[in-house]
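Work through the exercises below with the sequence and the model open. Try each task before reading its solution.

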Amino acid sequence: MFGLSEYPDAILRGVALGVIALIWVIVLVRTIGLRTFSKMTAFDFVVTLATGSLLASAATVTEWTALVQALSAIMALLVAQLVLARLRRGSRRFQLLLENDPTMLMYDGKILEGALAETRVSESDILNKIRSAGISDLADVRSMVLESTGDISIISGTEEPTEEVMQEVDCCHGPLKRHVARGK
């Protein structure tokens with residue numbers, strides 16, 4: 001690629017192409033915005049992983065056309081992410097096509113077994129999250145939600161979560177859903 005003997009060429013190629021690819025990603029992130037490597041949706045996570053993989057590929061190519069292809073693929077993914085984020089923000093229907101609603105896993109200190117089965121979350125996952133949040137009693141958990149990103153959120157304390165906070169959360173059970181929707 002650089003016309004040197006095998007090892008010096010490989011070293012120079014790895015350094016030069018890695019730096020070029022990294023600069024390209026920095027330029028794209030600065031242009032597209034901070035949300036580029038967020039984990040707000042599963043698609044965001046996939047784009048982050050794919051970008052990392054393409055960045056690694058770009059640093060190891062042996063031809064300039066392969067570098068251009070890898071850099072173009074990175075740009076296409078990040079632009080697609082930008083377009084989808086804007087569409088998602090502007091349309092609830094489009095948002096539902098891209099992601100699941102958050103799901104209630106616990107409510108008022110009680111584990112919702114149906115929700116665990118539906119989301120494939122185990123009781124040990126729930127207990128681990130409660131312990132890591134520093135909560136010592138299940139009764140202190142007002143609600144636990146599996147977010148659309150795969151993260152688990154916990155609301156604890158004596159106050160019920162408001163309707164605004166619980167907006168879009170799938171409670172899995174009719175009476176509970178109505179109870180939470182009323183904010184009671």
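**Exercise 1. The second largest pocket**

Which residues line the second largest pocket?

Solution. The model is a predicted one. Step one is to list the lining: Ile32, Gly33, Leu34, Arg35, Thr36, Gln81, Leu82, Ala85, Arg86, Arg88 and Arg89. Step two is to ask which element contributes most. Helix α3 (residues 64-90) supplies the largest share of this lining, 6 residues. Step three is to sort the lining by class: 4 residues are nonpolar, 3 polar and 4 charged.

**Exercise 2. The largest pocket**

State the volume of the largest pocket, then describe its lining.

Solution. The space in the largest pocket comes to about 260 Å³. Its lining holds 16 residues, and those closest to the pocket centre are Asn100, Asp101, Thr119, Leu146 and Glu147. Sorted by class, the lining of the largest pocket consists of 6 charged, 6 polar and 4 nonpolar residues.

**Exercise 3. Strand β3 and its partners**

Determine which strands pair with β3, and in what direction they run.

Solution. Start with β1 (residues 103-107): this strand is antiparallel to β3, and 4 bridges join the two. Continue with β4 (residues 152-156), which is also antiparallel to β3 and is joined to β3 by 5 bridges. Val145 of β3 can be followed to either side. Met104 stands opposite Val145, and in β4 the bridge partner of Val145 is Ser153. Then look at the turn: the hairpin of β3 and β4 has 5 residues between the strands, and Gly150 in this hairpin takes a positive phi near 100°.

Why is strand β3 described as largely enclosed by the rest of the structure?

Solution. Apply the cut-off for a buried residue, under 20% relative accessible area. By that criterion 6 of the 6 residues of β3 (residues 141-146) are buried, so the strand is largely enclosed by the rest of the structure.

**Exercise 4. Annotated spans against the model**

Take the spans that UniProt lists as "transmembrane region" and check the secondary structure of residues 12-29 and 41-60 in the model.

Solution. The unreviewed UniProt entry lists residues 12-29, 41-60 and 66-85 under this heading. In the model, residues 12-29 are 100% helix and 0% strand, with the end C-alpha atoms 26 Å apart. Residues 41-60 are 90% helix and 0% strand, and their end C-alpha atoms are 30 Å apart.

Methods: Residues are numbered from 1 along each chain as its sequence is written. This is a predicted model: local features need pLDDT of at least 70, side-chain atom pairs count only at pLDDT 80 or more; totals for chains, interfaces and linings use all residues. Side-chain values use heavy atoms; hydrogens and water are left out. UniProt positions are given in the numbering used here, feature names are shortened, and annotations may be inferred rather than shown by experiment. Buried means under 20% relative accessible area, exposed over 50%, partly exposed in between (1.4 Å probe, protein chains only). Two strands pair if DSSP finds at least two bridges between them. On a 1 Å grid over the protein atoms alone, a cavity is a set of points where a 1.4 Å probe fits but cannot get out, and a pocket is an open set with protein on both sides within 12 Å along at least five of seven lines; lining residues have an atom within 4 Å of a point. Grid points are joined across faces, edges and corners, and a volume is the space filled by probe spheres set on the points. Ala, Val, Leu, Ile, Met, Phe, Trp, Tyr, Cys and Pro count as nonpolar, Asp, Glu, Lys and Arg as charged, and the others, Gly among them, as polar.
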